[in-house]
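Subject: Structure for you to look at

Hello,

Here is the structure I said I would pass on. Please open it and keep it beside you while you read the notes.

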Amino acid sequence: MATIFEKDLPDNVLSIERRSRIWNGAIVEDIHEHANGCVVHPMPHANETRFTVSLAEVGSTTECRLTPDKANPLEHSTNHMAVISRGLPWWGYAGQLRYARYAMIVFDIPILEARLQGDFRPAIFEEPRLRFNDPRILSLVKMLIEIPDAGASYALFGDSLVAGILALLSAIPLVDRRHMKLAPWQVRRVKDYMHSRLPRPVELGELAALLGQSQWHFCRAFKASTGISPYQWQLEERTKMAQGLLLKSDAPLDVIAEATGFSDAMHLIRAFKKRTGQTPAAWRRENSLR
């Protein structure tokens, strides 16, 4: 177990201590934060999918914000939880904080899909959910962060707890999106904007600003209108670009991955196979013969 004391601290924060371990492909962090005053600061792992649980609040209540200067509109409750989608920035806020303890689980979605297969619903992470509660999840999280640092003997226990947390998160009904769709012209504008900037990844804030919406509202409304998240839409379009290059050239996969905005050849292979059912090499061989 790694324990890290952060040095570069936000205003009014006296210390942040993190204890981190990895179970079932997920980073599990037990975070202790001491402060003296109003605290607002960006939370870590901004480019990953996160689940967080408030475990203790002293001095004032805490909240998860999707905009640093805009209060969370949902009612506060003890041990509030949040699911934050990949790439969605968020901030921790407290009006007069003395101490906060919270657990954060950072999920690697491709690993979870490979390990849990049909028992895993990626859709639960494709839009943020703030300030909800589940006593069963809370109980599992508390057990998870209290696992003794005893090497591999607790590996199965930790892996099982993470799988249990995912199962319970999957059982929470997703929001009815029928009433929050974008207008057709808004969908066209966003898609045209993303397409014009391919293969560069576009940040969620850019897209929300196009329509004058919050990132949270835009993310939910886009998926309600298209059936997929903005991130998934970009992946599909970049996969189509990769298909074109596979047919037009003999370039190796790492070159095609770089040209189409994927982080590396393995990222391209995973995304390509998920959308076509074939690896890029197999798809190229089959379609080059037609």
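The notes below start with the whole chain and then go to single residues.

This is a predicted model, so please read every value as computed from it.

The whole chain

The protein chain contains 10 helices and 8 strands. Its radius of gyration is 21 Å, close to the 19 Å that the globule rule gives for 290 residues, so the chain is as compact as a globular protein of that length. The C-alpha trace spans about 65 × 50 × 35 Å along its principal axes.

Of the 290 residues, 47% count as buried. Among contacts with a separation of 6 or more, 71% are between residues 24 or more positions apart. The accessible surface of the chain is about 14400 Å², and carbon and sulfur atoms make up 54% of that.

As for charge, there are 36 positive and 32 negative side chains. The centres of these two sets lie 6 Å apart.

Asn72 and Asn79

Both of these residues are in the loop between strands E5 and E6. Strand E5 covers residues 62-65 and strand E6 covers 81-84.

Asn72 has a relative accessible area of 9%, which is under the 20% cut-off, so Asn72 counts as buried.

Asn79 has a phi near 60 degrees, a positive value in a residue other than glycine. Is Asn79 buried or exposed? With 16% relative accessibility, Asn79 counts as buried.

The cis peptide bond

Which residues are joined by a cis peptide bond? They are Leu198 and Pro199, and omega there is about 0 degrees. Pro199 sits in the loop that runs between helix H4 (184-196) and helix H5 (204-210).

Regards

Notes: Residues numbered from 1 in each chain as written. Predicted model: local features only at pLDDT ≥ 70, side-chain atom pairs only at ≥ 80, totals over all residues. Heavy atoms only, no water. Helix = DSSP H or I, 4+ residues; strand = E, 2+ residues; numbered from the N terminus. Buried < 20%, exposed > 50% of the residue type's maximum accessible area, 1.4 Å probe, protein only. Rg over C-alpha atoms; globule rule 2.2 N^0.38 Å. Contact = heavy atoms within 4.5 Å. Areas by Shrake-Rupley, 256 points an atom, 1.4 Å probe, with all protein chains shown as cover. Lys, Arg positive; Asp, Glu negative; His and termini not counted. Charge placed at Lys NZ, Arg CZ, Asp CG, Glu CD.
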